[in-house]
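Have the sequence and the 3D view open as you read.

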Amino acid sequence: MSGQGLLFVLALFFSLAAGLVGCIALMKRMLLAGDVISHLALPGLGLAFAFKVSPLVGGAATLFVGTFLVWQLQKKTGLAIEAAIGVIFAAALAIGAAITPSEDLAQSLFGQLERLSLPGFILGLAAVVFVILSIFLLKDQLSLSIFSTDLAAATGVRIARLDLYFLLLFSLTVLVGLRFMGALLASALIIMPSATARQLTNKLPHFFLLAVVASLVSVAAGFLLNAFVFKFSTAGPTIAVLSAVLFSFSLLAKAA
């Protein structure tokens, strides 16, 4: 299978993880926070391009360091997660834009950082499977902490540690999406499909299922349109636009 084919398959698996993570993020009221987490990778991408190393290695470094700083800031200051991320976000975006070579800035922001090799595909797939399995293993604790932090703490759930686990899973999902969505749009498939599903159902199982389906449809249709119609663009913007269109349809369906 070609590098483009491997990227397409990985993107489909990524959409599954993004749909699940997005549902949890929506219930935890951190979708907007998630939008800026992906920007934490931008300084690392800029450094990687400058020093001629793999962009994903640099992006991973600053993404996970930034995520840990967000968690520490939230835990020690009591700031809401949106505020904690906002404190770090502005600096990360400014530094990343300043140090990223101009010829590489578009790739950093909108995806297609490099051709996908077989080892890269295997690592990406392993990361996606890890995220999906982790969400299923932690779903009871996450659900309990969402609906009642006091009850969760009383049953032995360590809320702060659970928040860190989820932020790291969120960041790992973003990292996989960086390759074809870029730092600017990597969180689009986490935010919009879950918001779309929320408009269509109030039942939790249906909520997760619809979010995954919306994410999967956006990715598959986005790659196909990019391959046969919008050949001048990368797949990331097309996928994001389709996600927004599905969200618009869900608003119309709810209003009908």
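## Ground rules

A residue is called buried when its relative accessible area is under 20%, exposed when over 50%, and partly exposed in between, using a 1.4 Å probe and protein chains only. This is a predicted model, where local features need pLDDT of at least 70, side-chain atom pairs count only at pLDDT 80 or more, and totals for chains, interfaces and linings use all residues. Residues are numbered from 1 along each chain as its sequence is written, and side-chain values use heavy atoms, with hydrogens and water left out.

## The overall picture

The chain has 12 helices and 0 strands, counted as DSSP runs numbered from the N terminus (H or I of at least four residues for helices, E of at least two for strands). Of the 256 residues, 49% are buried. Take contacts (heavy atoms within 4.5 Å) between residues at least 6 apart in sequence: 77% of them join residues at least 24 apart.

How far can you trust it? pLDDT is the predictor's confidence in each residue, from 0 to 100. The chain's mean is 79, with 77% of residues at 70 or more. Among the elements, helix 11 (residues 204-228) has the highest mean, 90, while helix 6 (residues 102-110) has the lowest, 58.

## The salt bridge

How many salt bridges does the structure hold? It holds 1, where the term means a side-chain nitrogen of Lys or Arg within 4 Å of a carboxyl oxygen of Asp or Glu. The partners are Asp163 and Lys28, with their closest N and O atoms 3.1 Å apart. They sit 135 residues apart and link distant parts of the chain: Asp163 is in helix 9 (residues 159-185), and Lys28 is in the loop between helix 1 (3-27) and helix 2 (31-37).

Side chains of opposite charge can pair when their charged atoms come close. As for cover, Asp163 counts as buried because its relative accessibility is 18%, whereas Lys28 is partly exposed at 23%.

Met27 is in helix 1 and counts as buried at 18% relative accessibility. Leaving aside neighbours within four places in sequence, Met27 touches Ile146, Leu204, Phe207 and Phe208. Its C-alpha atom is 8.8 Å from that of Phe147, which is 120 residues away along the chain.

Ser243 belongs to helix 12. Is Ser243 buried or exposed? Ser243 is buried, because its relative accessibility is 2%. Beyond neighbours within four places in sequence, Ser243 has contacts with Leu189, Met192, Thr196 and Ser218.

Another serine to look at is Ser134, in helix 7 (residues 118-147), which counts as buried at 11% relative accessibility. A polar atom of the Ser134 side chain lies 2.7 Å from the backbone oxygen of Phe130.

## The outside

The chain exposes about 11800 Å², and carbon and sulfur atoms supply 73% of that; the areas come from the Shrake-Rupley method with a 1.4 Å probe.

Val241, Val245, Phe249 and Leu252 make a nonpolar surface patch of about 390 Å². Patch residues have over 30% relative accessible area and no salt bridge, with nonpolar side chains (Val, Leu, Ile, Met, Phe, Trp, Tyr) joined within 5 Å and like charges within 9 Å. Val241 is in helix 12 (residues 235-255) and is exposed, with a relative accessible area of 52%.

Methods: A polar contact is a pair of N or O atoms within 3.5 Å; within protein, one must be able to donate a hydrogen and the other to accept it, and residues adjacent in sequence count only if both atoms are side-chain atoms.
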